[in-house]
Amino acid sequence: IKEKKRHMGDTKHFCPVSLKENFVLCPGLSEHAAKYQEKLYYFSTSEHREKFLKNPEDYVAHSEPVQAPPLRVCLIGTHGAGKSTCARQVAEKLGIFHIQFEEYLQELILPKTKGKVGPSFEEEPEDDDDKIPNLAEELEDFSQSMTENETEKSKQEVELTDEEEAIKANLVDNEALPAEVLDNIVPEWWRKEPFRSTGFILDGFPRTLDEAQYLSERGLCPDVVVSIEVEDSDVLDRLFPPRLRKWKDRQHKKMEKKKKLKDLKAKIRV
């Protein structure tokens with residue numbers, strides 16, 4: 001074992017090309033191995049091996065040891081499992097960034113949508129009783145009609161790009177994000193500052209097999225993947241109370257509207 005370790009390359013069993021080009025520790029495969037200066041190097045793909053053999057000096061250590069990348073963690077689990085709470089604590093303790101994937105998507109389209117989108121942010125439709133016209137409301141609507149028309153017109157003029165439409169469809173209808181959209185979002189966390197030199201915990205990604213495959217195909221390997229598994233009852237206990245409070249608030253507002261409507265009708269009759 002000692003003999004084998006002594007003859008391993010600077011990056012040990014990780015691919016030196018992935019480390020150099022993407023700053024990622026990607027495990028190499030024995031079938032893609034090569035020797036250089038009596039040291040054995042493993043590569044993640046045959047293409048990376050060919051790159052290395054053409055210019056090996058670009059990928060080996062010279063005056064200083066090869067620098068290892070910071071910690072990259074993917075945290076996955078069902079909705080309501082407590083991922084964000086755990087991720088914030090881990091990020092604070094390790095001094096790395098916390099990236100909440102769905103929240104990041106919301107921020108990308110928020111300047112145009114003017115509000116968060118998706119099932120958790122949808123308002124319940126108003127009851128027909130709330131839409132009963134009365135004289136006071138009609139007069140108020142008439143006096144504000146021009147302002148509302150201008151506001152509505154300005155909203156309609158703000159069109160989403162194809163990428164923003166794809167992000168919105170993902171948040172609202174859970175449609176898969178195309179690879180070209182992910183290309184504009186995910187790789188920068190591995191390759192650009194300040195994430196490149198600090199590291200991160202990516203909360204809520206990958207969410208599907210296709211998204212995991214995407215990371216693999218792009219050579220974006222997390223160092224650790226943590227899956228949080230909880231009982232259904234725990235998720236229910238965590239998610240149900242705030243949704244119940246939200247429903248009660250809506251019911252309270254509806255009752256207030258009905259009371260105001262009743263008072264206005266009484267005044268009109270008088």
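So, the lining of the largest pocket: its residues divide into 11 nonpolar, 14 polar and 10 charged. Keep in mind that this is a predicted model. The volume of that pocket comes out at about 830 Å³. There are 35 lining residues, and those closest to the centre are His 79, Gly 80, Lys 83, Gln 100 and Glu 102. If you want to colour it by element, the ones giving two or more residues to the lining are strand 3 (72-77), helix 4 (83-94), helix 5 (101-113), helix 7 (162-173) and helix 12 (232-269).

Gly 82 has a relative accessible area of 18%, and the cut-off for buried is under 20%, so Gly 82 counts as buried. Leaving out residues up to four places away in sequence, Gly 82 touches Ile 228 and Arg 238. Gly 82 and Arg 238 are 156 residues apart along the chain, yet their C-alpha atoms are separated by 8.7 Å.

Next, the packing. In soluble globular proteins, nonpolar side chains tend to be buried together. Here the largest nonpolar core has 26 residues, and the ones with the most contacts inside it are Phe 101, Val 186, Trp 189, Trp 190 and Leu 202. Helix 5, helix 7, helix 8 (179-183), helix 9 (187-191), strand 5 (200-203) and helix 11 (209-217) each give two or more residues to this core. Take Trp 189: beyond its neighbours within four places in sequence, it is in contact with Ile 99, Phe 101, Tyr 104, Phe 195, Arg 196, Phe 200 and Leu 202. Apart from that core there's another one, of nine residues, including Cys 15, Phe 52, Tyr 59 and Val 60.

His 32 counts as buried because its relative accessible area is 18%. Again setting aside neighbours within four places, the contacts of His 32 are Tyr 41, Tyr 42, Phe 43, Ser 44, Thr 45, Ser 46 and Arg 49.

Now the backbone, which I know some of you like to check. Most residues other than glycine have a negative phi, and most peptide bonds are trans. So here are some exceptions to that. A cis peptide bond joins Glu 193 and Pro 194, with omega about 5 degrees, and Pro 194 sits in the loop between helix 9 and helix 10 (195-198). Another cis bond joins Phe 205 and Pro 206, omega about 0 degrees; Pro 206 is in the loop between strand 5 and helix 11.

On the phi side, Lys 12 isn't a glycine but has a positive phi of about 55 degrees. Lys 12 is in the loop between helix 1 (2-6) and helix 2 (16-22), and is partly exposed, at 44% relative accessible area. Then there's Asn 174, also not a glycine, with a positive phi near 60 degrees. Asn 174 lies in the loop between helix 7 and helix 8, and is exposed, with a relative accessible area of 62%.

Definitions and conventions. Residues are numbered from 1 along each chain as its sequence is written. This is a predicted model: local features need pLDDT of at least 70, side-chain atom pairs count only at pLDDT 80 or more; totals for chains, interfaces and linings use all residues. Side-chain values use heavy atoms; hydrogens and water are left out. On a 1 Å grid over the protein atoms alone, a cavity is a set of points where a 1.4 Å probe fits but cannot get out, and a pocket is an open set with protein on both sides within 12 Å along at least five of seven lines; lining residues have an atom within 4 Å of a point. Grid points are joined across faces, edges and corners, and a volume is the space filled by probe spheres set on the points. Helices (H or I, at least four residues) and strands (E, at least two) are DSSP runs, numbered from the N terminus. Ala, Val, Leu, Ile, Met, Phe, Trp, Tyr, Cys and Pro count as nonpolar, Asp, Glu, Lys and Arg as charged, and the others, Gly among them, as polar. A nonpolar core is a set of buried Ala, Val, Leu, Ile, Met, Phe, Trp, Tyr and Cys residues joined through side-chain atoms within 4.5 Å. Buried means under 20% relative accessible area, exposed over 50%, partly exposed in between (1.4 Å probe, protein chains only). Contact means heavy atoms within 4.5 Å.
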